[in-house]
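Notebook open, viewer loaded. I'm jotting down what I look up as I go.

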Amino acid sequence: DKKPAAPSGEATEATSAPEFEAEEDADEDELAAFMQEGGSDLEASDSDEDFDDFLSDKPAKSAETKEERDARVSKELQARKKGAIENEKERERKKKEHEEWLASMTEEMRTLYFEDMKRKQRQAEEEARNAEEERELRRQEEMRRKAAASGGGDAKASAGDAKKTDKMDSKWCYEGDCLVKELVERKGPKKSVKEVQLRIPTRRVGAIIGKGGVNIKIIEGRSRAKVNIFKASADAPPSAETLVTVKGTPEAVDIACETINKVFEQAKAHRAATSKK
């Protein structure tokens, strides 16, 4: 049975995500490397191979020295910086090619092109809605079949409860010192992919990233959601908030947010242990 969502103002426990060992907070250089400019134009999630060194609960090496670990973290950080630069150059190149291609068209051809793009987008959205409705019908039919097979005469009530629950959606926000989940009634059809935008104090963002990006890769690897962190303005005060977006299936987004809460808990324990030394 699924654990009911915590009421507003109460943090949910990360029951969906298994236990793990989070790293200490990222430093300023690592924050700069992982943060992005601008809005929430999210890209596809990194491939599974990108998470190989970070998804295991065990250290990368059984007898890794501090110098070896620092070298590994530095190498990963440099590779990520280089990859980000190369990706940005490739995006700019493709954008320029596309703009030149559009400029080479006549006005009539451009109009037809944009109309065709809108038509394809509407068609894709319609197909996604139909597929989601079909999955939901199959799910409800399976629930009715199981209720009937169990010998209970309450199959109709179970289907009604499932239909009521299906109209609810989870909403996440930062409150107190953690992420809080609240169930709200959904307007419109259920979406197969959702994005939540979180305003998190900038001082807490280092915990989400972790030393060498370990924590953010654990979060993404366990949930299969995409987490993006965006830069605050240069003149922002220390108490400013940073935009963090989480995108994926509804289930993936919930697991990612629950895992972030676990990261916050472990970061707090790390700081407490360090202060005692």
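I started with the side chains of Glu-76 and Lys-217, which are joined by a polar contact of 2.8 Å. My criterion for a polar contact is a pair of N or O atoms within 3.5 Å; within protein, one must be able to donate a hydrogen and the other to accept it, and residues adjacent in sequence count only if both atoms are side-chain atoms. Glu-76 sits in helix α2, residues 66-103. With a relative accessible area of 18%, Glu-76 is buried. My cut-offs there: buried is under 20% relative accessible area, exposed is over 50%, and partly exposed is in between, with a 1.4 Å probe and protein chains only.

Ground rules before I go on. This is a predicted model, so local features need pLDDT of at least 70 and side-chain atom pairs count only at pLDDT 80 or more, while totals for chains, interfaces and linings use all residues. Residues are numbered from 1 along each chain as its sequence is written, and side-chain values use heavy atoms, with hydrogens and water left out.

**Another glutamate**

I looked up Glu-136 next, in helix α3, residues 107-149. Its side chain makes a polar contact of 2.9 Å with the side chain of Gln-140. An α-helix has 3.6 residues a turn, so residues three or four places apart point the same way. Glu-136 counts as buried, at 10% relative accessibility.

**Overall layout**

I get 7 helices and 6 strands for the protein chain. These are DSSP runs numbered from the N terminus: helices are H or I with at least four residues, strands are E with at least two. From the N terminus on, the order reads α-β-α-α-α-β-β-β-α-α-β-β-α. Of the 277 residues, 32% count as buried. The accessible surface is about 18,200 Å², and carbon and sulfur atoms account for 51% of it; this comes from the Shrake-Rupley method with a 1.4 Å probe, and for residues only the protein chains shown count as cover. Taking contacts (heavy atoms within 4.5 Å) between residues at least 6 apart in sequence, 74% join residues at least 24 apart.

**The core**

Which residues have the most contacts inside the largest nonpolar core? They are Leu-179, Leu-198, Ile-200 and Val-246, in a core of 29 residues. Two or more residues each come from β2 (168-175), β4 (194-201), α5, α6 (214-223), β5 (226-230), β6 (241-248) and α7 (250-276). The largest share, 8 residues, is from α7. For the record, a nonpolar core here is a set of buried Ala, Val, Leu, Ile, Met, Phe, Trp, Tyr and Cys residues joined through side-chain atoms within 4.5 Å.

I then listed what Val-246 touches, leaving aside its neighbours within four places in sequence. Its contacts include Leu-198, Lys-226, Val-227, Val-253 and Ala-256.

Lys-226 got its own check. It lies in strand β5 and is buried, with a relative accessible area of 10%.

**Helix α5**

Why call α5 (residues 202-209) largely enclosed by the rest of the structure? Because 6 of its 8 residues are buried. Those are Arg-204, Val-205, Gly-206, Ala-207, Ile-208 and Ile-209. Gly-210 follows α5 and has a positive phi, near 80 degrees.

**Hairpin and cysteines**

β2 and strand β3 (residues 178-185) run antiparallel, joined by 8 bridges; my pairing rule is at least two DSSP bridges between two strands. Trp-172 has Lys-181 in β3 as its bridge partner. The hairpin has 2 residues between the strands, and Gly-176 takes a positive phi there, near 75 degrees.

I found 0 disulfides, using a cut-off of 2.5 Å between cysteine sulfur atoms. For Cys-173, the nearest cysteine sulfur is that of Cys-178, 9.1 Å away. Cys-173 counts as partly exposed at 32% relative accessibility, whereas Cys-178 is buried at 15%.

Most residues other than glycine have a negative phi. Arg-224 has a positive one, near 65 degrees. Arg-224 is in the loop between α6 and β5 and is partly exposed, with a relative accessible area of 45%.
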